[in-house]
Number of protein chains: 2
Amino acid sequence: MNNIVQSGYKGKIYPVNPKEKEINGIPCFPSITGIPGKVDTAIFSVPAGKVLDIARECGAKGVKNLIVLTAGFKETGRAGAELEKKLLSLCEQYNMRLLGPNCVGFIDTHTPINATFLKGFPPQGEIAFISQSGAMLAAILDWSRLAGIGYSKIYSLGNKADLNEVDCISEAADDPNTKVILCYIEDVSCGSEFLKKVTQATLKKPVIILKSGTSQAGAQAASSHTGALAGSDLAYNTAFKRCGVLRVYSMSELFDLAIAFTSQPVPKGEKIAIVTNSGGPGIIATDKVESYGLSMARFAKETIDELRLNLPPEAGIYNPVDVLGDARTDRFKFALETVLKDENVHSAAVLLCPVAVTEPLETAQAVVELNKAYPDKPLVAAYMGGPSLAEGAKVLSAGGVPCFTMPEPAIAAMAGMSMYRKLKERTAAEITVTDFKPDQKTVKAIFYDVKRDNRLALLGSEAAEVIAAYRIDTIPTVLTHSPEEAAAKADDMGYPVVLKVASPRIQHKTDVGGVKIGLKTAGDVKSAYVNVMENVHRYLPKVIPHGIEIQKMAPKGIELIVGMSRDVQFGPMIGFGLGGIYVNLLKDVTFRLANGITVNEIKEMISETKAYTLLKGYRGDKPVDLEAVSKVIRRVAMLAVDFPEIMEIDINPVFAYEHGVAALDVKITLS
Amino acid sequence: MNNIVQSGYKGKIYPVNPKEKEINGIPCFPSITGIPGKVDTAIFSVPAGKVLDIARECGAKGVKNLIVLTAGFKETGRAGAELEKKLLSLCEQYNMRLLGPNCVGFIDTHTPINATFLKGFPPQGEIAFISQSGAMLAAILDWSRLAGIGYSKIYSLGNKADLNEVDCISEAADDPNTKVILCYIEDVSCGSEFLKKVTQATLKKPVIILKSGTSQAGAQAASSHTGALAGSDLAYNTAFKRCGVLRVYSMSELFDLAIAFTSQPVPKGEKIAIVTNSGGPGIIATDKVESYGLSMARFAKETIDELRLNLPPEAGIYNPVDVLGDARTDRFKFALETVLKDENVHSAAVLLCPVAVTEPLETAQAVVELNKAYPDKPLVAAYMGGPSLAEGAKVLSAGGVPCFTMPEPAIAAMAGMSMYRKLKERTAAEITVTDFKPDQKTVKAIFYDVKRDNRLALLGSEAAEVIAAYRIDTIPTVLTHSPEEAAAKADDMGYPVVLKVASPRIQHKTDVGGVKIGLKTAGDVKSAYVNVMENVHRYLPKVIPHGIEIQKMAPKGIELIVGMSRDVQFGPMIGFGLGGIYVNLLKDVTFRLANGITVNEIKEMISETKAYTLLKGYRGDKPVDLEAVSKVIRRVAMLAVDFPEIMEIDINPVFAYEHGVAALDVKITLS
């Protein structure tokens with residue numbers, strides 16, 4: 001009550017309590033039902049046992065929104081989860097939306113309203129903060145008082161029984177008072193919703209997410225904290241990439257970026273100029289430019305000439321520009337303006353150390369002015385020091401130039417803004433391609449047979465037929481049941497051929513002598529058939545193979561893997577990388593979401609693996625057919641999306657040739 | 001003068017100036033010569049043009065130490081470098097040591113003396129700070145006033161004409177007032193000195209270095225700043241590892257670690273316990289535990305039972321321990337003491353968010369007391385918030401418990417301390433093994449011939465002989481000059497054989513048809529000889545091969561690479577990794593310094609590469625002879641140390657077998 005009243009909320013406030021006559025000087029009602037007017041939102045701060053009854057009263061009264069601060073729901077175990085379910089179905093019944101339970105509430109500095117039990121009301125600002133941890137909100141608000149950071153909205157998600165991170169991100173994306181959206185989450189409530197709506201949000205404004213539970217121990221801690229099945233961290237990464245979310249890995253990054261986004265424009269490119277009065281910090285910043293994915297601008301000849309003409313001979317006139325320790329404001333100002341004028345410069349950072357003649361305050365004023373004069377080129381500053389720079393730092397911050405104490409976070413913030421531009425361009429440009437109509441009937445028929453057999457794993461011959469139905473080039477594989485049949489089929493397909501034992505129960509066929517390669521005659525095939533059966537019987541006496549598969553030997557190509565696995569939250573993910581025995585060894589596999597995979601994403605997948613070096617033509621080899629490789633990825637994705645019952649696909653190897661590809665060994669498992 | 005006087009220096013101070021009668025109320029001398037008593041140290045704050053004359057006077061007067069603040073030396077170009085050289089030789093002539101020139105001076109808070117022109121004198125503390133950037137010292141001192149950080153000594157290195165980082169690190173290592181040594185450098189002055197003396201220093205106390213110029217652009221900026229040849233960043237990494245230096249990559253890490261080291265003991269192991277009043281920060285910290293190389297302690301059964309018995313049922317009783325948002329001091333205290341008592345816990349972190357009933361101040365007092373009660377188990381805290389936690393944070397810092405605002409740096413600091421323990425144990429345990437006396441005579445004879453031929457590259461047969469002289473198992477390679485000779489030699493060694501064109505000018509022999517493998521008869525060898533010569537002539541008409549080398553075909557093993565290249569600062573570095581065509585593709589190569597390489601380092605090299613997965617026996621294969629592999633590494637290192645004229649060694653592949661190894665293709669280049 002105190003918080004709501006003090007926040008200056010302009011609407012009508014009705015305290016409800018059966019025992020009190022008035023609260024904060026406002027007349028109190030014994031129950032919701034007794035309130036004369038309409039009620040939009042009810043804020044619950046009552047024992048858990050009373051929540052259901054009061055929610056029912058709210059429903060009857062026509063209340064639209066519930067904010068339930070009360071704890072004692074899902075987070076406490078089974079009984080609490082049951083209670084939460086009942087609360088949610090009440091909300092559904094009466095068409096009410098619910099924030100919480102077990103949350104610290106909601107703040108809107110522009111309405112204004114502070115419907116939380118947190119201490120203090122933050123100043124107005126353009127940051128929306130959404131947090132799955134209530135305590136973290138308390139910490140952040142307290143810390144922001146020191147740092148002078150303002151907010152537009154603050155959402156505490158609590159147990160996310162109804163409203164979740166996606167709802168809040170979407171609302172904040174449409175909120176004219178919000179410029180950047182920060183989010184701390186431990187899981188997402190619904191992967192597909194997240195993908196759809198957050199992609200729309202990032203096109204409107206930056207969404208920066210700190211998702212914890214990245215490590216195994218952390219994921220364990222998260223799942224015991226929220227009771228949620230979090231999905232793999234890899235899947236989160238692919239999903240965030242898809243949506244254009246900026247992912248950060250620490251709380252300080254979250255705020256460094258937020259400050260940059262609220263005060264500066266997004267840079268039009270990666271090229272940054274650094275102006276410093278000290279060599280050391282200039283070098284440190286330059287190191288970070290490269291490692292954070294920006295690049296040092298190369299100045300135009302005129303810029304260099306102008307710097308050379310006007311700076312002392314010992315000054316650094318290339319990037320970083322070192323205006324030297326004896327630089328006063330004029331020299332800083334001249335150098336900064338000169339590089340900002342340069343077309344090759346997209347952004348700039350000013351680094352200042354407090355040496356003898358430095359004028360931190362006047363220099364700050366000059367930097368702020370230049371920032372206004374060149375509004376398209378974002379600026380950040382690192383004022384490296386303490387009390388002697390405090391006034392100057394304040395002028396910078398007040399003037400909208402993000403000011404840090406160390407050079408590293410200044411560069412990191414600019415790099416994050418630049419990354420947002422790239423992500424946004426990508427998200428905006430995404431084009432999904434479907435180039436043909438697959439033969440789903442064949443696939444359905446095969447799955448029907450497999451299920452009738454009570455199997456989950458397809459035989460190699462079946463799997464090959466499935467991918468062939470999606471026009472993935474594969475080497476025909478035929479299942480045979482006797483040495484004679486094998487020899488006859490081999491005669492049909494032509495030599496040399498490969499024999500492989502057909503059994504979904506055998507993982508590594510080679511290890512049990514279940515594969516014979518390079519067979520050149522019908523006689524070879526017959527004796528190999530017998531030999532393979534003997535080997536398998538010796539190693540795995542309990543396994544009775546379905547027979548033996550014959551495949552014509554394919555010419556050797558570059559071995560790739562294309563695979564699919566399903567994440568509980570984000571659905572099928574497609575993997576691509578170097579194949580053969582190197583898959584496990586090198587882990588050179590990259591992933592994207594199958595759903596709505598785009599031409600660009602497939603290009604990125606291929607080019608970000610080490611396999612790419614081989615595919616482009618390694619040491620004089622001809623490059624392979626990248627178009628054919630990308631078709632395999634695309635079509636495996638289609639297959640995975642069309643048939644949700646496929647749990648896993650593993651094509652290893654796919655041979656890539658100068659012309660075309662061939663899928664050699666295909667494993668498909670159903671769920 | 002002001003700084004010296006105000007620092008409370010107790011020795012005699014003589015201002016020297018030809019124009020003044022007195023400075024700061026102290027009588028002034030027109031020249032050094034006129035001073036009545038003995039002078040230990042002279043501090044130069046005069047124009048560059050006067051430095052030489054005054055230095056000569058100092059020498060004549062018997063001054064032992066010069067601190068030259070004056071700029072205008074090496075950093076300004078050729079003339080300045082000349083002046084610096086003269087200054088240095090004057091110092092050598094008169095047996096004087098020199099700090100600078102172009103430095104900001106020297107501070108010792110215990111003597112006390114402030115011989116810098118920096119603003120402000122830092123409080124006493126146990127941190128020695130050594131910096132190659134004067135401006136950074138100004139920044140750090142100013143910042144430290146805010147952060148309340150004290151120092152024992154501060155050294156500004158300037159141009160390092162005489163005294164350099166190694167001298168200062170060594171002095172600080174022996175200084176009883178210093179507990180931790182921080183260092184910012186852009187290069188080292190002498191690699192071999194650094195290796196020798198810094199290793200001794202790190203055994204005494206932690207040495208933490210921020211070395212800039214890690215990126216290509218940064219290295220360029222550094223070299224234009226200091227004019228020094230910095231050596232490769234890779235070499236710095238291997239050298240720091242060797243010496244036991246803790247390398248950090250940002251200024252904030254430098255200080256986070258320093259604070260931890262000065263106030264807490266080094267943990268006895270990696271296992272950390274986390275006590276938090278909020279789930280979210282607990283998960284974030286847990287994530288970092290894993291990624292920074294610590295591990296979450298697994299509590300003993302008694303610990304878990306005690307926590308279960310005494311904490312509320314919703315509390316997290318495994319690690320991280322979540323004492324819940326309504327925890328007051330007693331609950332924090334109980335949980336922290338319970339986990340500190342546990343033998344499986346080596347260190348602990350307390351995370352506190354300011355929720356309703358939190359008692360930041362009282363909790364801080366309890367934490368400080370517990371820290372005293374368990375002095376062997378280091379503690380760090382993250383007080384996440386602002387003004388409402390400030391008092392508590394002050395109590396923690398004053399009580400010697402490092403207190404951070406975010407959980408991430410708290411965990412990072414503990415991880416750094418744990419890493420120091422590991423590095424120190426390793427450095428202390430280093431044993432270099434030399435297991436035999438190599439046949440240097442053969443190597444000298446071969447090098448003699450190569451030099452007489454005016455060649456730099458050895459032929460394959462020569463290179464094979466060189467490594468055989470160091471008892472590296474290789475496949476004998478014979479140089480032949482005609483088809484008939486080749487056939488005869490092949491008959492001698494037995495079939496099958498490989499033919500390779502012998503020419504140091506051909507880099508990739510296979511690409512020009514210069515290699516024939518699997519030759520089984522004398523006839524095959526003869527025709528292959530002719531064929532190879534024809535191929536080479538066709539592709540490279542200007543190259544006249546020395547002949548053709550014959551080698552018996554080795555059975556296929558796991559392909560490894562062992563190589564050596566020389567760094568300008570740190571000398572020969574040995575590389576090891578996956579060989580064959582994968583070297584460039586996968587870059588799975590790790591490096592160590594050849595000089596003084598130890599058994600442990602070689603073990604680390606082998607086990608930190610991806611090759612290790614193969615070497616241990618991949619998917620049912622037998623493991624290879626790791627002892628034989630490590631001998632190759634050790635002996636290549638010996639060879640590189642014994643013969644400084646070897647610029648590069650490249651053995652690719654070395655085949656590794658179940659028993660023994662075989663070096664197949666050896667390239668050696670002289671300088």
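Contact here means heavy atoms within 4.5 Å. The model is predicted: local features need pLDDT of at least 70, side-chain atom pairs count only at pLDDT 80 or more, and totals for chains, interfaces and linings use all residues. Side-chain values use heavy atoms, with hydrogens and water left out.

View 1. Helices are DSSP runs (H or I, at least four residues), numbered from the N terminus. B:S418 touches B:P267, B:G269, B:E270 and B:L294, leaving aside residues up to four places away in sequence. Its relative accessibility is 1%, so B:S418 counts as buried (under 20% relative accessible area, 1.4 Å probe, protein chains only).

**View 2. Crossing of helix 6 (residues 191–204) and helix 15 (residues 407–429) of chain A.** The two axes, lines fitted to C-alpha atoms over the stretch in contact, come within 9 Å and cross at roughly 125°. Angles run from 0 to 180 degrees between N-to-C directions. From helix 6, A:T199, A:T202, A:L203 and A:K204 make the contact; from helix 15, A:Y420, A:K424, A:T427 and A:A428 do. These residues divide into 3 nonpolar, 3 polar and 2 charged (nonpolar: Ala, Val, Leu, Ile, Met, Phe, Trp, Tyr, Cys and Pro; charged: Asp, Glu, Lys and Arg; polar: the others, Gly among them).

**View 3. Helix 9 (residues 251–263) of chain A.** At 1.5 Å a residue, its 13 residues should span 18 Å (1.5 Å times one less than the number of residues). The end C-alpha atoms are 19 Å apart, which agrees. Buried residues of helix 9 include A:M251, A:L254, A:F255 and A:A258.

Key. Residues are numbered from 1 along each chain as its sequence is written. Chains are lettered from A and ligands numbered from 1 in the order in which they are written. Helices (H or I, at least four residues) and strands (E, at least two) are DSSP runs, numbered from the N terminus. Buried means under 20% relative accessible area, exposed over 50%, partly exposed in between (1.4 Å probe, protein chains only).
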